[in-house]
Amino acid sequence: MASHSDTLVVFFGATAGANGGKLGSDEREIILLVWQIVDLHEKKVGKLHKCHVKPDSLELTDQCKEETGLTLDEIIKAEPLDKVLQQFQQSVSSEVKCLDRNSYTLCVNSPLIIRQALHPEASKKNLVLPECFFSFVDVRKEFHKCCPNAGPAQKLTLTSMMEYVGLPAVSEQVMGVREVMSMVQLTLCILDEPYNHKFSCVETVKYKFDSGTCSKTEPVDSETVIRARGLPWQSSDQDIARFFKGLNIAKGGVALCLNAQGRRNGEALVRFINSEHRDLALERHKHHMGSRYIEVYKATGEEFLKIAGGTSNEVAQFLSKENQVIIRMRGLPFTATPQEVLSFLGPESPVTDGGEGLLFVKYPDGRPTGDAFVLFSCEEYAQNALKKHKQILGKRYIELFRSTAAEVQQVLNRYMSTPLIATLPPSPIVPVPVLATPPFLPAASSTRDCIRLRGLPYTAGIEDILEFMGEHTVDIKPHGVHMVLNQQGRPSGDAFIQMKSSDKAFMVAQKCHKKTMKDRYVEVFQCSTEEMSIVLMGGTLNRSGLSPPPCKLPCLSPPTAYAAFPTPPAILSEAALYQPPLLAAPRPPQTTAHSPAHTLAYYPPQPHLYMNMNMNYTAYYPSPPVSPSTVSYFAAPPGAMAAAVAAQSHPAAAAASPVLPQPGALVRMQGLPYNAGVKDILSFFQGYQLQPDAVLILYNFSGQCSGEALITFPSEEIARQAVAECSSHTFYGQQIHLVFCN
């Protein structure tokens, strides 16, 4: 330490990229080291040493070439960093011994060369740095201590400090040599009268990260916390500490963030010992961990405590053992005992204190979650345990991976705050009669016997359209008027009309195009039944044409599924019927005729079922003209519904349908986030060894998840167990409702 050292080693370094105040911010390697010894007792200086360093990447920036005056040829001939550091240690030790001194401390003009360049580079290259690089004094802070009126230490420069004490500027122009000579002169000046300064502000670099616990009541300064994003999912707290090597992280200051399923989401909150180290950490934004760059942002103390803070005495006692390696086990059978877990790990990976080194994660009511944390006394035992990853315990495979004290707190906090009863009540089952081949749904055809009206007033009704078409109304097919609603159930300004022939459709398009309806002109285009069906089933309405709906697999039944409807009324099974409330009530019959010149047939109402296949609430208004709209609107996952109905009428066809998963016990999943995927659902049911084809996510024709899915389990017993065990789990923060369907 400098307060007890006999000698200072004035030290300077430069990299192949940015230098000065941005040293180390671009991850460039060190290419230059310069040093000189100062005897604190005799106030004498030793020989000045200058060494070039050969980087792994033989490339110098233009700024570096200009500032250092070095060329690539000079760098290529140099020794690599490990050799130069060995030369440094031998040279300094020899000189200190010749001076009959016992110890020395590095003296730098800024901590950047030590904290932001030397330690990170050595860590990436797996170099073991000499002990002298773990402590140093900053000449600016020492100068500020003896000359407090010179200004804040962070803003002091060698030039300003020399001017303050009246020293002339160094005439040397070579970078590194100039800085070292200036620091030596300043050091000798403040050692002498009238300052008689003693170097005592020693800064240290921690050898390793200290794990530990954090209480929710502990104050955490927001100026000391950052958020790291983009971490590999298998990263441990030690990996993160290594990324920030050279900066001092507070004890237990790495908190890995978890998602709703308790899995790491690639983010971590890191707490440093002070704001200076936090600011240096922010300079490592987009530095690399392996092949991945890591984003670094400011965070708050509140965010850190939310993740890392804990109040459980059980957790505090579990983590009270020092220098332990923590392993997390996930997917344990809910009946697993401590002895079974110890037997699973085996004698080659003994757990610290046996059963005392196991912590089972439970819900507030005492039910197990399938997670546990295990303590090992050394790295070797932990590595042996990790070899058991995905081996079978009972009938379930077990996942093992490294964990942290903060993760233990976070997992316990998450599960202990989980509500015991699901908040989403089951919807009532509504039996609905199904009519064979609904007359209002047109069969797809390429014949251009339809017209599309675009730009209708939002208040326009069927009667307004009939009046708009005038004499051509008689050429409309029965049930041929289709009004399109938007996702909010309101008129979209579009409508499709089926004409009796393509010639009639062409004539209407020619005569009615850009005619006025309620002060708005309406565009009329001829189109085919196929194009009309695409739009009515959720395709895109745009000015450049008709875009068919995106079909994700597994997707909902296409419009042709209506052909599978049975003729007699049928009641849908619970597995096929999803029960959101009715979206709209039938409109009352309308008896007023708009044009006495035309005889309009009246079609009696029939109990049709409208299956909202795209969940877009696109409504169909069947006619002939002025016939009542008798359709009830019912939102349901049509793939499941159509398949269930088809199964009753055509078992062979239903068996070949890809809509439902393979045979087994079905569980209905409600309340999914709209970005949920098959992997997310498999993770939710981790430990049940489900295959991807056991999951059927229901999508709408806009390509979005409808919020529901069907899961096929191998047996009814396993399905009921999954419902019982997972009903209280959350899915990305959302409460999920599970219903056994068989």
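Author: The answers below set values beside the definitions that apply to them. This is a predicted model, in which local features need pLDDT of at least 70 and side-chain atom pairs count only at pLDDT 80 or more, while totals for chains, interfaces and linings use all residues. Residues are numbered from 1 along each chain as its sequence is written, and side-chain values use heavy atoms, with hydrogens and water left out.

Reader: How many helices and strands are there in the chain, and what makes a stretch a helix or a strand?

Author: The chain has 21 helices and 36 strands. Both are DSSP runs numbered from the N terminus: helices are H or I runs of at least four residues, and strands are E runs of at least two.

Reader: What share of the residues in the chain is buried, and what does the word mean?

Author: Of the 742 residues in the chain, 53% are buried. Buried means under 20% relative accessible area, exposed means over 50%, and partly exposed lies in between (1.4 Å probe, protein chains only).

Reader: Why is Val84 called buried?

Author: Val84 has 1% relative accessibility, which is under the limit of 20%, and therefore counts as buried. Val84 belongs to helix H3 (residues 81–98). Leaving aside neighbours within four places in sequence, Val84 is in contact (heavy atoms within 4.5 Å) with Leu33, Cys51, His52, Val53 and Glu79. The C-alpha atoms of Val84 and Leu33 are 8.5 Å apart, although 51 residues separate the two along the chain.

Reader: Is Leu358 buried or exposed?

Author: Leu358 is buried, because its relative accessibility is 9%. Leu358 is placed in strand S17 (residues 358–362). Beyond its neighbours within four places in sequence, its contacts include Phe318, Pro338 and Leu342.

Reader: Why is Pro219 called exposed?

Author: Pro219 has a relative accessible area of 69%, and therefore is exposed. Its place is the loop between strand S9 (214–215) and strand S10 (225–229). Pro219 and Gly301 are 82 residues apart in sequence, yet 7.8 Å apart in space, C-alpha to C-alpha.

Reader: What makes H5 roughly parallel to H7?

Author: The axes of helix H5 (residues 139–146) and helix H7 (residues 177–191) come within 11 Å and cross at roughly 30°. That angle is the reason why H5 counts as roughly parallel to H7. Angles under 35 degrees count as roughly parallel, over 145 as roughly antiparallel, 65 to 115 as roughly perpendicular and the rest as oblique. The axes are lines fitted to C-alpha atoms, for helices over the stretch in contact, and the angles run from 0 to 180 degrees between N-to-C directions.

Reader: Which residues meet where H5 and H7 are in contact, and how do they divide into nonpolar, polar and charged?

Author: Val139, Phe143 and Cys146 in H5 meet Met183, Leu186, Thr187 and Ile190 in H7. Six residues of this contact are nonpolar, one is polar and none is charged. Ala, Val, Leu, Ile, Met, Phe, Trp, Tyr, Cys and Pro count as nonpolar, Asp, Glu, Lys and Arg as charged, and the others, Gly among them, as polar.

Reader: How do you know that Cys201 is in no disulfide?

Author: A disulfide is a pair of cysteine sulfur atoms within 2.5 Å, and the count by this rule comes to zero. For Cys201, the nearest cysteine sulfur is that of Cys146, 10.0 Å away. Cys201 is partly exposed, because its relative accessible area is 30%.

Reader: What kind of peptide bond joins Glu193 and Pro194?

Author: A cis peptide bond joins them, with omega about 0°. Pro194 lies in the loop between H7 and strand S8 (202–204).

Reader: What is the phi of Asn126, and is Asn126 buried or exposed?

Author: Asn126 has a positive phi of about 55°, although it is not a glycine. Asn126 is exposed, because its relative accessible area is 59%. Its place is the loop between helix H4 (112–124) and strand S7 (135–138).
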